[in-house]
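Could you walk me through this model, one question at a time?

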Amino acid sequence: MTQRPRNSTNFHLRAQRHGPAGLISRVADCCMWFGRYLERAESIARQLQATSSLALDAELPPTRCWHPLVVVAGEEAHFKERFGEAFGDGERVQHFLVWDDRCWVSLFRTVAAARENARSIREVLSGDVWETVNELYVWMQNEGPEGGPAVYRARRDDFYRRVRQMTQLALGLMRSTMLHDTALDFIWLGVMLERTNQTARLLDVHHHAFGGEVGAGATEVHDATAPGALNHQVVETAVWVSLLRACSGFEPFVKSFAGRVTPAAVAHFLVTDARFPRSVTYSLHAAYERFSYLRPPSDGDLPGGESLAMLARLDKWIANLPPSLPDLHAILTQIVDETARIGETIGRELLGYEPTPSVASSPEG
Amino acid sequence: MKSLSGLLTDYPALPGTFDELIGTDGAPRPEFAECLAMLGALSPDEFARAQSLAELALLNQGVTFSVYKDSRGTEKIFPFCLVPRMVSARDWDHVQRGLEQRITALNLFLDDVYGDQRLFAETKVPRDLVLGAQGYLPKLRHIRPAGGVRVVIAGIDLIRDPDGVYRVLEDNLRTPSGVSYVVENRVLSKRIFPRIFDAANVQRVDSYPTKLAETLSSVAPDGIVDPNIVVLTPGQFNSAYFEHTFLARNMGVDLVQGGDLFVDDDKVFLKTTRGPRRIHVIYRRIDDAFLDPEHFRPDSMLGVPGLMRAWRAGNVTLVNAPGNGVADDKAVYPFVPDMIRFYLGEEPILEQVPTYVCLRDNERDYVLDHLDELVVKAVDEAGGYGMLMGPQASRAEIAEFRARIIENPRRYIAQPRVELSTCPTWIPDKRQVAPRRVDLRPYILTSREGPWVLPGGLSRVALVEGSYVVNSSQGGGSKDTWVQGNGGRP
């Protein structure tokens with residue numbers, strides 16, 4: 001790990017400005033979840049948009065395009081229960097992931113949850129941020145000719161684009177219109193934990209579906225579940241490009257790798273590149289850094305010591321991963337599980353959650 | 001005499017009713033003539049467009065109230081009519097002095113009723129009737145509240161009779177709501193009709209949050225210089241949640257829920273990510289009964305256990321003070337003029353509405369004989385609930401109220417139906433402006449130094465033709481209230 005996005009002078013300035021006040025635990029909780037849901041909404045919209053485009057090209061069976069999205073969303077069993085093996089039905093998958101009330105992570109539910117959290121911290125957010133999130137929510141419910149459902153039916157790409165733009169606008173407005181204080185730190189902590197999780201899951205699922213052993217540098221397809229291997233170079237490239245697009249990472253990637261798209265390079269980029277703001281390394285380090293503003297390592301008396309230690313440990317572990325990323329699946333699983341445990345610990349230490357003994361014990365990374 | 005064109009042409013004024021903007025001759029009242037001419041010059045199309053712009057802005061900003069009966073927790077905008085209600089400088093001067101006088105007397109009454117109760121000893125105000133109010137909390141007697149002011153924030157509902165006389169309809173001395181709409185409506189008026197607004201020379205209302213923060217600071221417990229203030233809300237499912245966030249945001253204080261606070265050693269603390277923080281002043285927007293499960297309702301999930309102990313010990317100021325309900329009880333209302341005379345030695349500046357107290361035998365008999373002419377109100381209900389509009393009621397409704405009054409006379413009062421004044425109001429279905437009945441709720445802040453009246457207020461309008469009920473829960477809407485400044489501007 002080489003590059004740190006923020007220097008230490010900046011850190012001291014912030015520490016001064018923070019003052020001793022602290023944030024109401026309930027408010028901090030809503031801040032974190034607001035950040036998580038906002039980031040998740042953007043991520044889901046991005047994945048759907050990239051996949052819609054991928055599925056238009058003829059070479060790939062639709063199931064291979066859409067199935068991974070349902071898996072990344074963690075809704076495979078639920079989808080199967082309701083729609084059987086219809087993973088190739090792009091319309092059905094999209095409707096499920098965008099509008100379904102029973103889909104835990106559907107875009108609409110995610111936006112509604114972001115907005116609901118925003119509403120309960122209305123006094124914390126700037127008016128601009130609130131209005132952006134509220135407008136998105138109102139638009140997605142608007143049954144009129146220019147409302148979300150109509151745009152979804154008539155101009156799918158516009159629909160995803162609008163959702164992404166509004167969430168990106170909200171994320172940007174937080175930087176430019178809000179106090180850079182504890183509340184914002186909690187929001188970004190949520191954003192960065194969610195981003196770590198999204199990138200890791202997305203890569204893991206794609207790797208499982210299309211990948212093979214990255215470490216071996218092989219381009220051969222290794223997928224036990226799929227009938228018929230995908231070994232056509234062009235198609236394979238398209239799939240990995242689509243993954244990069246789903247992470248807004250295509251252009252940054254080609255700048256770094258001079259256009260050579262291989263599974264190993266993509267995995268390496270998405271996990272370890274500290275310059276890319278959606279890489280696991282960057283996101284998790286940013287989460288760690290945010291947390292250090294909230295709970296400086298020097299303030300041993302303040303609550304949050306265990307969370308800080310866990311974040312520091314995971315940050316270091318990721319920074320020291322061998323460049324070849326042997327057993328990528330195990331690495332990504334560890335990252336996903338550990339960020340979940342960190343979320344629980346922060347909840348218990350700072351946000352007033354009930355302790356959850358079964359998951360609170362942290363294995364050494 | 002100017003004739004009207006456009007929007008206000010052929011304004012169908014209601015006979016026997018005072019109109020706020022248009023005189024009996026059909027011409028605009030002279031003090032508003034200039035801006036009404038500009039308003040009247042708009043075409044229905046232009047006005048409809050402006051109106052939908054305003055509604056979209058309110059929806060996008062989330063200026064909404066929750067509708068309880070809906071399971072999905074739907075929020076609605078409070079219908080807003082862009083035609084302003086205007087008040088002349090001369091009228092406002094009268095209203096302002098009357099409100100200051102009234103709120104001063106009501107504060108003295110509360111100190112007295114929770115103190116020596118001189119009022120009953122030295123006047124004919126009936127002790128049993130006053131102390132029988134549900135809002136009277138005998139356990140609080142002889143507690144001097146921290147900060148010394150019991151009614152810090154009041155909303156007093158005024159109506160205007162056919163002669164244009166302002167009358168107090170009721171007092172709200174516990175948790176009056178609506179002031180956020182006053183400020184937000186004003187933002188829209190200025191954005192959408194800047195030139196008309198400019199022509200009207202209107203006093204500003206956006207100073208309210210600052211004034212409120214100063215007032216709350218001033219009533220901190222003795223010796224606290226830079227108090228920590230919070231707004232306590234029941235949460236986002238409360239119908240007035242938008243207002244709670246509005247107040248917290250605009251004062252820059254924390255918006256808290258009961259669970260965020262705890263009491264230790266009779267002091268109140270806020271749970272933060274950096275440990276407990278002492279709180280000195282709580283602007284609470286929850287009812288007395290839910291404040292403290294140790295003291296009032298044990299099943300309250302909204303309150304803070306031990307809060308009343310902390311208040312009693314003088315370590316925290318509760319705004320408004322608990323127990324104020326005795327002063328805005330509708331059966332106590334008829335005696336407010338007596339209070340003004342007794343505590344201040346002055347004649348009341350503002351008129352009231354004649355009121356029959358059903359607890360008194362002769363008044364009850366009159367009420368029961370004239371139910372079809374009177375408005376009957378339950379003394380402890382608000383929001384237009386628990387009310388009988390005699391002249392419009394069915395026989396069954398009248399029979400039901402007769403039985404209720406006989407069973408529990410203390411709970412009811414009756415008043416003649418006042419022909420509430422009207423104000424020109426945009427009727428979307430008809431795409432025209434028509435008279436609709438309005439009331440006015442001004443807000444009064446009382447610091448340690450005395451009362452201050454916000455120059456403006458919430459004008460509520462009964463949008464339904466022929467209706468007298470302006471409450472938002474019953475099809476009411478709101479208007480911006482333009483109080484004209486004293487003298488011309490340079």
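Q: How many helices and strands are there in chain B?
A: This is a predicted model, in which local features need pLDDT of at least 70, side-chain atom pairs count only at pLDDT 80 or more, and totals for chains, interfaces and linings use all residues. Residues are numbered from 1 along each chain as its sequence is written, while chains are lettered from A and ligands numbered from 1 in the order in which they are written. Helices (H or I, at least four residues) and strands (E, at least two) are DSSP runs, numbered from the N terminus. Counted that way, chain B has 14 helices and 23 strands.

Q: What is the radius of gyration of chain B?
A: The C-alpha trace of chain B spans about 70 × 60 × 50 Å along its principal axes. The radius of gyration is taken over C-alpha atoms, and the globule rule is 2.2 Å times the number of residues to the power 0.38. For 490 residues, a compact globule would come out near 23 Å, which agrees with the value for chain B, 23 Å.

Q: What separates the centres of domain 1 and domain 2 of chain B?
A: Domain bounds come from an automatic or database domain assignment. In chain B they give domain 1 (222–315) and domain 2 (354–416). Taken over C-alpha atoms, the distance between the two centres is 37 Å.

Q: How many residues of chain A are in contact with chain B?
A: Two residues are in contact if their C-beta atoms, placed from the backbone, lie within 7 Å. On the chain B side, 21 residues take part, and they touch 22 residues of chain A.

Q: Which classes make up the side of chain B that touches chain A?
A: Ala, Val, Leu, Ile, Met, Phe, Trp, Tyr, Cys and Pro count as nonpolar, Asp, Glu, Lys and Arg as charged, and the others, Gly among them, as polar. Elements giving two or more residues to this side include helix H2 (44–61) and strand S9 (267–272) of chain B. By class, the side has five nonpolar, 10 polar and six charged residues.

Q: Which element gives the most to the side of domain 1 of chain A that touches domain 2 of chain A?
A: Chain A is assigned domain 1 (24–177) and domain 2 (179–365), and 30 residues of domain 1 of chain A are in contact with 27 residues of domain 2 of chain A. Helices H2 (25–56), H3 (62–72) and H9 (156–177) of chain A each give two or more residues to the domain 1 side. With 20 residues, the one that gives the most is H2(A).

Q: How are H2(A) and H9(A) oriented, parallel or antiparallel?
A: Axes are lines fitted to C-alpha atoms, for helices over the stretch in contact, and angles run from 0 to 180 degrees between N-to-C directions. The axes of H2(A) and H9(A) come within 9 Å and cross at roughly 150°. Angles under 35 degrees count as roughly parallel, over 145 as roughly antiparallel, 65 to 115 as roughly perpendicular and the rest as oblique. The crossing angle therefore makes H2(A) and H9(A) roughly antiparallel.

Q: Where does B:Asn320 lie?
A: A cis peptide bond, with omega about -10°, joins B:Val319 and B:Asn320. B:Asn320 belongs to the loop between strand S12 (317–319) and helix H12 (336–344) of chain B.
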